Amino acid sequence: MSNEPITLTAGDAEATVLPGNGGRIGGLRVGGTELLRQGDRFGCFPMVPWCGRIRDGRFRDGGTVQQMPLNSPPHAIHGTARDGAWRTARTATDEAVITYDLVEPWPYPGRVTQQVALTPDALTLTMSVETYGSSFPAQIGWHPWFNRNLGGEDVRLDFSAAWQEERGDDHLPTGKRLDPGPGPWDDCFGMPGGVDVKLTWPGQLELTVGSREEWVVVYDEQAEAVCVEPQTGPPNGLNTAPRLVTPLEPLEASTTWSWRRL
């Protein structure tokens, strides 16, 4: 099937899926109000087969060192799938399934499948990575850009993390865990009970980003948007906390954004 834009509807919620632009969610509107920052680089893009930065673009797989392009020098950032065209596998009024075949520069053949499911009060994104051949390390995550302001007061973030990864001068975790500190953030937090971050636009909307995964990056250093990024491991995780995709066991993760009017 084609990679044309897909519009999903449920109640007064509407989501736009853009297979042709990196498999991202191009928009999420609730009662006509757009929650995601607009633009080709924004919306919400999948981070796969890794999340955040890889130090110097290199990761080790057994005795082999793999080199990824340095798209955020001196590092490689956010995977390769956001730069490719995905294909539509199936669609319904409130659901879409899209796929992306892993190709160079990623050195291992495999397929990513993303399901987007909309209800009147929630959006659920589920992604899996399977291999066509040998096992390989991978990560899954999402990078939503939520609008800081919906026409009233700026959004407020509320979450309780068990720890914050100490961030080095190179923006990568040092391996040391700290007590969570105040923002602004471009930081990774640990939530062993699962990701649970609340965004509140006072008097308008409350939205909770949830996931069974225990890692989340919070980025709120831009004027226009804030990012709450659930993921299966920390930045540089292909080196420090790799998850393995095997012929018998794909890597799968999901996140649900649920909302209510205020």
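I began with the cysteines of this predicted model, and my count of disulfides came to 0. A disulfide is a covalent bond between the sulfur atoms of two cysteines. I looked up Cys44 and found that its sulfur lies 9.2 Å from the closest cysteine sulfur, that of Cys227, which is too far for a bond because the two sulfur atoms would have to be within 2.5 Å. I then turned to Cys188, which is likewise in no disulfide, the nearest cysteine sulfur being that of Cys51 at 9.5 Å. I noted that Cys44 has 1% relative accessibility and so counts as buried, and that Cys188, at 4% relative accessibility, counts as buried too.

Next I went to the aromatic rings, where I found 13 aromatic pairs in the structure. I traced where the two partners sit and saw that the pair links distant parts of the chain, with Trp145 in strand S15 (residues 141-147) and Tyr219 in strand S22 (residues 215-219), 74 residues apart. Elsewhere I listed one aromatic cluster, formed by Trp50, Phe59, Trp106, Tyr108 and Phe136.

Last, I looked for charges over rings. I found the charged end of Arg37 over the ring of Phe42, at 3.8 Å from the ring centre, and I recorded the charged end of Arg82 over the ring of Phe45, at 5.2 Å from the centre of that ring.

Methods:
Residues numbered from 1 in each chain as written. Predicted model: local features only at pLDDT ≥ 70, side-chain atom pairs only at ≥ 80, totals over all residues. Heavy atoms only, no water. Phe/Tyr/Trp six-rings, centres within 6.5 Å; stacked < 30°, edge-to-face > 60°. Helix = DSSP H or I, 4+ residues; strand = E, 2+ residues; numbered from the N terminus. Lys NZ or Arg CZ within 6 Å of the ring centre and 35° of its normal. Buried < 20%, exposed > 50% of the residue type's maximum accessible area, 1.4 Å probe, protein only.
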